[in-house]
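User: Could you take me through some of the helix packing and strand pairing here, with the reasoning spelled out?

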Amino acid sequence: MSQQRTGAHGGMETSFGFQDVGDGEKQTRVNDVFHRVAKRYDVMNDLMSGGLHRVWKDSMIAWLAPSKTSNWKTLDVAGGTGDIAFRIVEASNRNAHATVLDINGSMLGVGRDRAEKKGLADNTEFVEANAEELPFEDASFDAYTIAFGIRNVPHIDRALSEAYRVLKPGGRFLCLEFSEVELPVLDKIYDAWSFNAIPKIGKAVTGDADSYQYLVESIRKFPRQADFAEMIRTAGFERVSWRNFTGGIAALHSGWKL
């Protein structure tokens, strides 16, 4: 059992939180977590971020600046509930088309229901598939987004390579993920909140402490900002950069297929 962050050369594929698991075992365990939390996904993100995830996601969409033309297509991966996709469609004045891909059917079910209620069914498509093996042709999308999902993908390098493959030349990659806090005092406060409070609150709100324990631990295993940026470059992306949010609690990574 290791509590050290993984680096640019991998390690998340055998890490289920702080537990070391066999290659191929992580995906099943992650699926179980998200089947359990699907209907309380927004509650989960509120607990993990103190509600700030909503502000960070809005900033993500602002940096993406979706086109307002009807032929602009985006792929949102690990976004089953539609949270990012809906924001993108609305920012395009309901002209863009968003494909939402998730490996978890429970999460997609929530997203489809929300799309109907929001009147966005014509602008969205929901696909159950693996981020490591995207069921799309090369150069299919203008943008690829993933928010708080990449750390749950076992082979991150494969997912990044697939992102590069399905983007059109000139396409944009954006990834929002919990990251390494870089402020000396904030990091101690955030650790105390994460490990002592979040699992207990998760149990009180949803009756499930174990899922929240995994999610907290997975954040601490994810590569720090510079290491993840190097992984993005290795996949072929250029002009790679990132922006820290709230002292590094989250980071938004950007890359271009040029």
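Predicted model: local features only at pLDDT ≥ 70, side-chain atom pairs only at ≥ 80, totals over all residues.

User: Which residues of α8 meet α1?

Analyst: The crossing of α1 and α8 is left-handed. The residues of this contact divide into 6 nonpolar, 1 polar and 2 charged. On the α1 side the contact is made by K26, V30, V33, F34, R36 and V37, and these meet, in α8, S211, Y214 and L215.

User: Which residue in β7 does Y144 stand opposite?

Analyst: Strand β6, residues 141–147, runs parallel to β7, and 6 bridges join the two. Strand β7 spans residues 167–178 and is mostly covered, with 9 of its 12 residues buried. Within β7, the residue that stands opposite Y144 is F173.

User: How many of the residues of helix α4 are buried?

Analyst: A residue counts as buried when its relative accessible area is under 20%. In α4, residues 83–91, this holds for D83, I84, A85, F86, R87, I88 and V89. Helix α4 is thus mostly covered, the buried count being 7 of its 9 residues.

User: Which residue with a positive phi follows α4?

Analyst: The phi in question is near 60°. The residue that follows α4 with this value is N93.

Methods:
Residues numbered from 1 in each chain as written. Heavy atoms only, no water. Left-handed = near helix turned anticlockwise from the far one by under 90°. Helix = DSSP H or I, 4+ residues; strand = E, 2+ residues; numbered from the N terminus. Contact = heavy atoms within 4.5 Å. Nonpolar A, V, L, I, M, F, W, Y, C, P; charged D, E, K, R; others polar. Buried < 20%, exposed > 50% of the residue type's maximum accessible area, 1.4 Å probe, protein only. Pairing = 2+ DSSP bridges.
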